[in-house]
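Look at the model below, and keep the sequence at hand while reading. The text goes through it piece by piece.

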Amino acid sequence: MTTALIIGGGIAGTVTAMALRKAGIDAVVYEAYPADAADAGAFLVVAANGLEALRTIDAHGPVLENSFPAGRVGFISNTGKRLGDRPMSGSQDGGLGSVTLKRATLARVLREEAVRRGVRIEYGKRLLAAHTGPDGRIVGSFADGGRAVGDVLIGADGIRSLIRRVIDAGAPRPRYTGRHTVCGYTRDADSPPDPDTYTMIFGKQAFFGCTTAPDGEVWWFCNAPAEEMSKAELAAVTPEQWRERLLTLFAEDHTPAADLVRATGDSIVATAAYDLVSTPTWSEEGMVIVGDAAHACAPNAAQGASMAIEDGVVLAKCLRDLRTPRSAFAAYEALRRQRVEKVAAAGAGMARRTPGPVARALRDVTMPRKLDRSGGGAPDWLTGYRIDWDEPVDRPTARPRR
């Protein structure tokens, strides 16, 4: 095998390309948007497991240089009661910990690093179709009339993936979680949260989180319940309208959330939150899907980027060690499916949760005790996951569940 076509130049696509190059496999990335396409401005967390996966291919440095650490997380109830805090997993044991940065920044630094390593990225290449040719190679056709041929095609084309539908026309569609994720930035907060800490607020009607960047700017997000809206409808909502909506949600709470929203000017962006908990078929012939194309977490889990990064590294190992695409894809799915579906299901559970008065009162009583007992951060199965690049991948003894 000599050439991989990667559809999508986001987080999953660029990490997969770098990992394949480290494995000795050539990869070309085809990105639908132009190189100078603007990003909406949302931010995200790359958790300890995601950073450690990047370190496996020596690509963590640029991310660390363009982000800031999240060392602890504290919790507040809608009544203003402090429920406790704990360290972010990974930072307390000498690991890389978790970091915060804008999604556009993460995509940019990963692309720059990929190009520095010799990966070719072609922009403005919107895929229209893909099929297996008579010689067994994969042919991709683009909207600009161009074609590309490779030994494998990797769909890193996001939650609305075309490649997922090419592989399985009956593949499930993304599910709206019932929430909008609204992000804002302000330098006018009267009482900004402590640096190196995420303050998480269980509002009566919506969940709110915030942290302070090294330059003093407060970054906040809200998972706000709402009816589903199209992209055009979302784009038509002004920052002032988002402010008013969120202030209504937090009007009855005794927390810093409303003050931070009120202190924010036009630096407010929103996206509709979707998930994809399980996709029955990940591969067919020489095609396979990674990242959000295969599984998408609700943002509550703060693991979407990290799961995509892990996927790219594991897939590259499988293609490096196994003789045929079919066997490599089967091994990749066997190694990844159970983990990513567990994470996606956990995120879906959190997204659906809007506790009533009794559940809120019980949470406020029990959560401090749970935090005291846990002490060491998030569950190890999640952020303690590590990939050993040098460990060979064996052919799976049974086909993964479809």
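Helices (H or I, at least four residues) and strands (E, at least two) are DSSP runs, numbered from the N terminus. This is a predicted model, in which local features need pLDDT of at least 70 and side-chain atom pairs count only at pLDDT 80 or more, while totals for chains, interfaces and linings use all residues. Residues are numbered from 1 along each chain as its sequence is written, and side-chain values use heavy atoms, with hydrogens and water left out.

Helix α2 covers residues 48-56, and eight of its nine residues are buried, so the helix is largely enclosed by the rest of the structure. Buried means under 20% relative accessible area, exposed over 50%, and partly exposed in between (1.4 Å probe, protein chains only). Among the buried residues of α2 are Ala48, Leu51 and Thr56.

Next come the nonpolar cores, which are sets of buried Ala, Val, Leu, Ile, Met, Phe, Trp, Tyr and Cys residues joined through side-chain atoms within 4.5 Å. The largest has 76 residues, and Leu20, Val63, Leu106 and Ile154 have the most contacts inside it. Helix α9 (residues 304-321) supplies the largest share of this core, 10 residues. A second, separate core has 28 residues, including Trp242 and Phe250.

Glu217 sits in the loop between β15 (207-212) and β16 (218-225). Is Glu217 buried or exposed? Its relative accessibility is 16%, so Glu217 counts as buried. Leaving out residues up to four places away in sequence, Glu217 touches Tyr185, Thr186, Arg187, Thr211 and Thr212; contact means heavy atoms within 4.5 Å.
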